[in-house]
Each structure stands twice: as C-alpha cells, then as structure tokens.
Amino acid sequence: MSAQAPEITRLGRHVETPVGGEIVRAFVPPPLPPNPEIDLLPLLGRLSAAERALGRLDGAAVLLPRQELFLYMYVRKEAVLSSQIEGTQSTLADLLRFETEAQSGQLIDDIREVSNYVDAMMYGLERLKEFPLSLRLIRELHARLLQSGRGEKKDPGEFRRSQNWIGGTRPGNALFVPPPVSELDACLDAFERFIHETQSQLPPLIKAGLLHVQFETIHPFLDGNGRVGRLLVTLFLCANGVLRNPLLYLSLYLKTHRADYYRLLQEVRENGAWEAWLEFFLDGVAQTANQAFEAAVRIADLFAKDRERIAMESDRAGSALRIHDLLQQHPFATANDLVMRTGLTAPTVNAALADLERLGVVDEITGRRRGRVFSYRAYLDILGEGTAPLRG
C-alpha cells in the first residue's frame with residue numbers, strides 16, 4: 001500500500017451529543033468509498049446478472065406500443081410501494097382512482113403522500129436532463145415530496161437542524177442515531193463528492209448501492225429520508241447511463257425483504273459489512289429488473305390480445321378500440337370522462353362500454369346506475385402485483 005493512502009477505517013465513529021436533556025451517541029459514517037476497498041471478485045457473478053437484467057429491461061420498452069405508458073404506471077407503482085414502507089396503507093388502485101377523479105371524497109393523506117412521490121420522481125428525472133445529481137437536486141426533490149400532507153411541517157427542502165433518530169421512543173433508546181447537526185455538513189459534502197468521483201473506478205451499480213446506504217445512514221432530513229434514498233438509486237443509474245428508461249424501482253424487493261434490509265444496513269454501520277449488503281442489493285436489482293421485464297411482456301401481450309378480440313368480436317369495434325386505448329393510459333374511467341377524452345357521444349361510449357364489459361375486457365366496479373366507474377381489471381392485476389399494504 002502507498003504511504004499516502006488515507007488512514008480510514010470502514011467503521012465510523014460515535015459522537016456524544018446532548019438531545020432533550022440526555023446524552024446520546026450519534027453515529028458518524030466514514031466517507032465513501034470504503035477502505036479497505038470493496039472486494040469485487042466475489043460480487044462479479046451477481047453484478048453481471050444485475051447488469052444483464054437491467055439491459056434486458058431497458059430494451060423491453062420496444063415491446064410496448066408506448067413506453068411512456070409503462071413508465072407512467074411503473075412510477076406510480078413505485079410511489080405506492082415506497083410510501084407503504086413508511087407506513088401508508090394506500091394501494092395502486094387507490095392512487096389511480098384518485099388521479100382520474102373517479103372516486104369522490106376528501107383528499108386522503110396516504111394518497112396525497114403517494115401523489116407527491118410521483119411528482120418528485122418525475123421532477124427529478126426531468127431535472128437530470130439539465131442539472132447534475134447533487135445536494136441541491138436532492139433538496140428540491142425533498143421539497144416536492146413533502147409539499148403537502150403529513151410531512152409539510154418537517155422543513156421540506158431543508159437539511160435538518162436538529163437531531164433525529166430511528167426506532168425507539170426517544171434518542172436515548174433508539175435503534176440508531178444518525179450524525180449530529182455539527183457533523184452533517186461534512187458528511188453531506190463527502191457524499192456529494194463521491195457521487196461525482198471517478199478515481200475509485202467502481203461500477204455504477206456498486207456505487208448506487210453504496211450511496212443508498214450512506215444516505216440512509218446520514219439521514220439528512222427530518223422526514224422522507226427513506227423515500228428520497230430509494231429514489232436516488234434510480235436517478236443515479238439514469239444519470240450514469242446505466243438505464244436509458246427509468247424503470248428500476250426497488251421498493252417491492254425492499255418491502256418484501258424489509259427485515260433483511262434493515263439488518264444489513266445496521267451491519268454496515270456496526271461492522272463495515274459492505275459486501276453482504278451489496279450481495280443483497282445486486283440480487284434485488286436483478287430480481288426487480290426481471291420482474292419488470294416480465295410485467296412488460298405480459299402487458300404487451302394483454303393489450304395485443306384484447307385489441308384482437310375487440311376487433312374480431314365487438315359490434316362497435318371502432319369506438320371500443322378508442323376506449324381500450326384510453327384505458328391503457330387510465331385503467332379507471334367513468335363514462336363522462338371517456339366522452340370528454342374521446343370526443344364520442346355519450347350513447348356511443350355507453351354502448352361501447354357495454355360491449356367491452358360483455359367481452360370481459362372491463363368491469364363496472366361501483367354497482368351503481370349513475371356515476372359508474374369502469375376498470376381494466378386484467379391490466380390492473382398485472383400492475384398491482386405486490387402492492388397490497390403492509391400489515392403488522
């Protein structure tokens with residue numbers, strides 16, 4: 001080793017800090033990359049599998065009539081799942097019905113939080129076209145994420161100026177206490193430098209896995225850290241050209257394996273066990289990308305089969321196909337909504353809906369005579385896999 005190599009350990013340090021009348025030990029992580037270096041050799045098989053799966057997913061968009069439609073829906077699925085990890089109970093169907101105004105009533109906090117996540121994600125993807133992934137962009141994302149709902153009083157868009165903690169009823173009995181405010185700027189500065197450094201020559205997927213844990217450990221906001229940390233993975237991979245289409249979202253994997261996820265985060269902090277975390281992370285990338293690819297194939301197949309069936313068996317194929325096209329974009333719709341979007345008359349729309357219902361393409365889900373809501377159930381079934389709310 002060179003004599004100039006920095007004296008850095010993988011283990012962080014604890015800083016005693018007063019919070020609410022008690023002294024707690026807050027954790028300050030060492031800067032990235034880890035030292036000793038990540039042992040990539042045992043990870044190469046998993047890394048290769050993850051990269052192959054991502055490449056296949058990136059090419060899957062050509063299977064779909066409109067790739068922006070798949071992105072539109074997948075972003076919403078991720079928003080639901082990421083918010084569920086934080087405790088919301090809304091489903092993908094809740095969000096889609098809310099967005100199409102097919103369901104009346106007061107704005108529900110859970111749905112508002114999910115809707116904010118969609119907004120933050122789409123904003124970040126658009127912003128990356130002209131602005132680097134940076135602390136400034138992270139703050140902008142956070143501001144949109146917490147713009148309304150339960151987090152709006154938790155300093156949206158601002159790094160914290162008070163101590164937070166994870167688990168427990170107070171810092172003194174917490175599972176984990178992130179860096180004190182006095183150390184926050186230095187931690188964040190090192191984090192931003194690692195986003196842009198090239199000297200380590202680490203593959204982007206490995207860097208993405210390291211950045212996610214470091215962000216969760218720094219926990220720079222009073223609220224919304226988990227959602228921003230999950231969003232960062234996809235934004236980083238897009239910014240570094242690993243993904244052309246932002247279709248990788250890990251929340252279903254992390255929701256399904258959340259006990260392992262939290263345990264591995266803590267083992268990195270306590271023991272510097274980065275390789276174990278990266279094995280888990282790369283497995284998640286491969287599994288998630290493969291699931292998304294398979295969903296794209298199934299959705300493309302469903303659309304094609306339904307179009308063929310409508311063309312062959314519908315008495316009103318022209319108008320029914322126009323409605324089918326719109327239901328691919330908005331799987332919940334009312335007759336009034338479809339009249340407005342298609343330009344067809346109300347009798348034509350109602351007759352086409354009755355035809356689509358007869359063919360088993362749509363279901364009427366309210367049981368009412370007026371204000372009826374129709375859903376593209378088979379499409380929603382594919383999209384909604386894994387999005388039942390967490391219990392317990």
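Predicted model: local features only at pLDDT ≥ 70, side-chain atom pairs only at ≥ 80, totals over all residues.

User: Is R139 buried, exposed or partly exposed?

Analyst: Burial is read from relative accessible area, where under 20% is buried and over 50% is exposed. R139 has a relative accessibility of 31%, so R139 counts as partly exposed.

User: Which residues does R139 touch, leaving out those up to four places away in sequence?

Analyst: Beyond that range, R139 is in contact with G157, E158, F159 and F221.

User: How many disulfides does the structure hold?

Analyst: A disulfide is a covalent bond joining the sulfur atoms of two cysteines. The structure has zero disulfides.

User: Are C187 and C238 buried or exposed?

Analyst: With a relative accessible area of 9%, C187 is buried. C238 has 18% and is buried because the cut-off is under 20%.

User: What is the average pLDDT of the chain?

Analyst: pLDDT is the predictor's confidence in each residue. The chain averages 86, and 87% of the residues score at least 70. Over residues 1-7 the pLDDT is below 50, and this stretch has one contact in the model beyond near neighbours in sequence. Residues 102-107 also stay under 50. For residues 102-107 the model has six contacts beyond four places in sequence.

Terms used:
Residues numbered from 1 in each chain as written. Heavy atoms only, no water. pLDDT = per-residue confidence, 0-100. Contact = heavy atoms within 4.5 Å. Buried < 20%, exposed > 50% of the residue type's maximum accessible area, 1.4 Å probe, protein only. Disulfide = S-S within 2.5 Å.
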